[in-house]
Amino acid sequence: MTTDPSGLGPLGDVQVVAAMLRTDEADVRSFARVLTGALAEALPAGMVEVEYRRGLGDRLAGRDRRVVAVLVHGDHHDLGLRESDRGGVDTEVRQVVGGVVLSRTKVDLDTWLWVLAETVLAAAARTAATQRAFERFMHGR
């Protein structure tokens, strides 16, 4: 019998990941840092795209580029998080089939975090299952 990472079962794991991601709801950089840092080991390469911007004013002031958007690719959906014009973040879920975006739905941050947590956990499970299958193949089991 295997134990889920949090010991709370799959639903509990989604809640744990969502709580971890809720560090600073108004800061795209925080989400990018978590998604490209702490969760990077659980996510397959290419699953997260980060968009940066560095304007002329930033260059003249010697400031580094800043994160303005994060896109997470799921199985049949992409999750977009973008710096809002009015401060904070805008979030959306895009339904994707064969690389084509069929629809875009704006969602609140809690919904976005929930879908993101489910997406991250599904990717981690797939990665672990793939690794176990490869190990069985290599060891002739």
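Trainee: How many bridges join E3 to E4 in this structure?

Mentor: The model is predicted. In it, strands E3 and E4 run antiparallel, and they form a hairpin with five residues between them. The number of bridges joining E3 to E4 is seven.

Trainee: In E4, which residue is the bridge partner of Asp78?

Mentor: Strand E3 covers residues 77-83, and E4 covers residues 89-97. Across this antiparallel pair, the bridge partner of Asp78 in E4 is Arg94.

Trainee: Which residue in the turn of the E3 and E4 hairpin has a positive phi?

Mentor: The turn belongs to the hairpin that E3 and E4 form. A positive phi of about 90° is found there at Gly87.

Trainee: In which sense do strand E2 and E3 pair, parallel or antiparallel?

Mentor: A hairpin of three residues joins E2 to E3. Leu71 has Gly80 in E3 as its bridge partner. The pairing of E2 (residues 66-73) with E3 extends over five bridges, and its sense is antiparallel.

Trainee: Why is strand E3 largely enclosed by the rest of the structure?

Mentor: A residue counts as buried under 20% relative accessible area. Strand E3 is largely enclosed because the number of its seven residues that are buried is five.

Trainee: Is Thr91 buried or exposed?

Mentor: Thr91 lies in strand E4. Leaving aside neighbours within four places in sequence, its contacts include Gly80, Leu81 and Trp112. Because its relative accessible area is 7%, Thr91 is buried.

Trainee: Which backbone oxygen does the side chain of Thr91 reach?

Mentor: Val107 is among the residues in contact with Thr91. At 2.5 Å, the side chain of Thr91 reaches the backbone oxygen of Val107.

Notes: Residues numbered from 1 in each chain as written. Predicted model: local features only at pLDDT ≥ 70, side-chain atom pairs only at ≥ 80, totals over all residues. Heavy atoms only, no water. Helix = DSSP H or I, 4+ residues; strand = E, 2+ residues; numbered from the N terminus. Buried < 20%, exposed > 50% of the residue type's maximum accessible area, 1.4 Å probe, protein only. Polar contact = N/O pair within 3.5 Å; in protein donor to acceptor, adjacent residues only side chain to side chain. Contact = heavy atoms within 4.5 Å. Pairing = 2+ DSSP bridges.
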